[in-house]
Amino acid sequence: MRVAFLGLGAIGRPMAAHLAARDSLTVWNRTSERAREFAATHGAVAGETPREAAANAEVVITCLPTSREVEMLLEGPDGLEQGLTPGALLIDCTSGDPATCRRIARRLAERGVSFADAPVSGGVSGAEAGTLTIMVGADAETYNRARVVLSAFGKRIEHLGPVGAGHAMKAVNNALLAVNLIALGEGLTGLVKAGVSARTAVDVLNASSGRSFASESLVPERVLTGRWPQTFRLALLDKDVGIALTLLKDSDMLSPLLEVAGGLLASARAELGESADHVEVIRWIEHRAGVQIRG
Ligand code: NDP
């Protein structure tokens, strides 16, 4: 299959590497050296513009920070929209927002191009292993087309509903991740202050009902060790919580818990900067509490 992949960031790059091993792949990245280096390493072709990258592709995949950048990518004489040919399929793996992606889908439908939102979960390690969970919003026929392509890097590929449903599912998932991370950071700093060993506290949580992905993986691998690798930016998690809040407000729901989590993430983002990793919110909590969670 002729596939184009646009957005070789932390997670896009390993996803695209799986496609390069299987399909005829063209890549594009805003910082063009990254696309050229990827193409040389993986036997792909680097397009100079989004239009050029998409020109011969049956399927185009985008993986950018937010839906806003995806919509902007369509614009202009060298934009993606000009490259998409009637009958092509655009799969957006960005963790985006439902309203913008529905607008994009309507715009592309006028050109005879199909659209699926297909955000992913499983992190950079899951992308490298080809075991991502993928949450798809599309009509049934488009989902079946997309599934074939997504199987290059996905293990569980779920059809959630019409366009926008994948983004909605992903936002709620990441809102739960944010709440778990923050609550765990607060709880552990309290336990350490009370004289409990951080390692023992995490072990006990993981054998009890308070456990989560954050307690089972993120905290043991990154906080107890003090390693803080950069895999998923805190700014992106903050964006996801904002999407989840909008989703709930649009359904006339109140979410005081998410409002607080979003406020804390926004404060941590303002202090730590745009490149900080999401788990560093715990470092920020440690700093405010005056203790470290190590062991
Ligand atoms: P990164 O910040 O690592 O990469 C972002 C990518 O988007 C880069 O290729 C960057 O190009 C490009 N980009 C940024 N701004 C623009 C723009 N204005 N126009 C065109 N291209 C742009 O993000 P990730 O790869 O981590 O995340 C991508 C998406 O996947 C996000 O929606 C994120 O929430 C989601 N996601 C990420 C996960 C992770 O573990 N990292 C896990 C699950 C989902 P350049 O190289 O020039 O900076």
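**Notebook: a pocket, a cavity and a helix pair**

I started with the second largest pocket of this predicted model. I found 14 residues in its lining. T26, V45, E52, A53 and N56 lie nearest the pocket's centre.

Next I looked up which elements supply the lining of this pocket. β1 (2-6), β2 (24-28), β3 (45-46) and α3 (50-54) each give at least two residues. I then sorted the lining by class and got 8 nonpolar, 4 polar and 2 charged residues. The space in the second largest pocket comes to about 170 Å³.

How many cavities of 30 Å³ or more does the whole structure hold? My search turned up 1. The largest cavity has about 50 Å³ of space. I listed its lining as W28, N29, S32, A35, R36, A46, G47 and E48. Helix α2 (residues 32-42) gives the most to this lining, with 3 residues. By class, I noted 3 nonpolar, 3 polar and 2 charged residues around the largest cavity.

Last, I checked how two helices pack. α4 covers residues 67-74 and α6 covers residues 98-109. I read an angle of about 20 degrees between them, with the axes 9 Å apart. Angles under 35 degrees count as roughly parallel, so α4 is roughly parallel to α6. The crossing of α4 past α6 is left-handed.

Which residues make the contact? From α4, I noted S67, V70, E71 and L74. From α6, I noted T100, R103, I104, R107 and L108. This contact has 4 nonpolar, 2 polar and 3 charged residues.

How values were computed. Residues numbered from 1 in each chain as written. Predicted model: local features only at pLDDT ≥ 70, side-chain atom pairs only at ≥ 80, totals over all residues. Heavy atoms only, no water. 1 Å grid on protein atoms, 1.4 Å probe; cavity = no way out; pocket = protein on both sides within 12 Å on 5 of 7 lines; lining within 4 Å. Points joined across faces, edges and corners; volume = space filled by probe spheres on them. Helix = DSSP H or I, 4+ residues; strand = E, 2+ residues; numbered from the N terminus. Nonpolar A, V, L, I, M, F, W, Y, C, P; charged D, E, K, R; others polar. Axes fitted to C-alpha atoms, helices over the stretch in contact; angles between N-to-C directions. Parallel < 35°, antiparallel > 145°, perpendicular 65-115°, else oblique. Left-handed = near helix turned anticlockwise from the far one by under 90°. Contact = heavy atoms within 4.5 Å.
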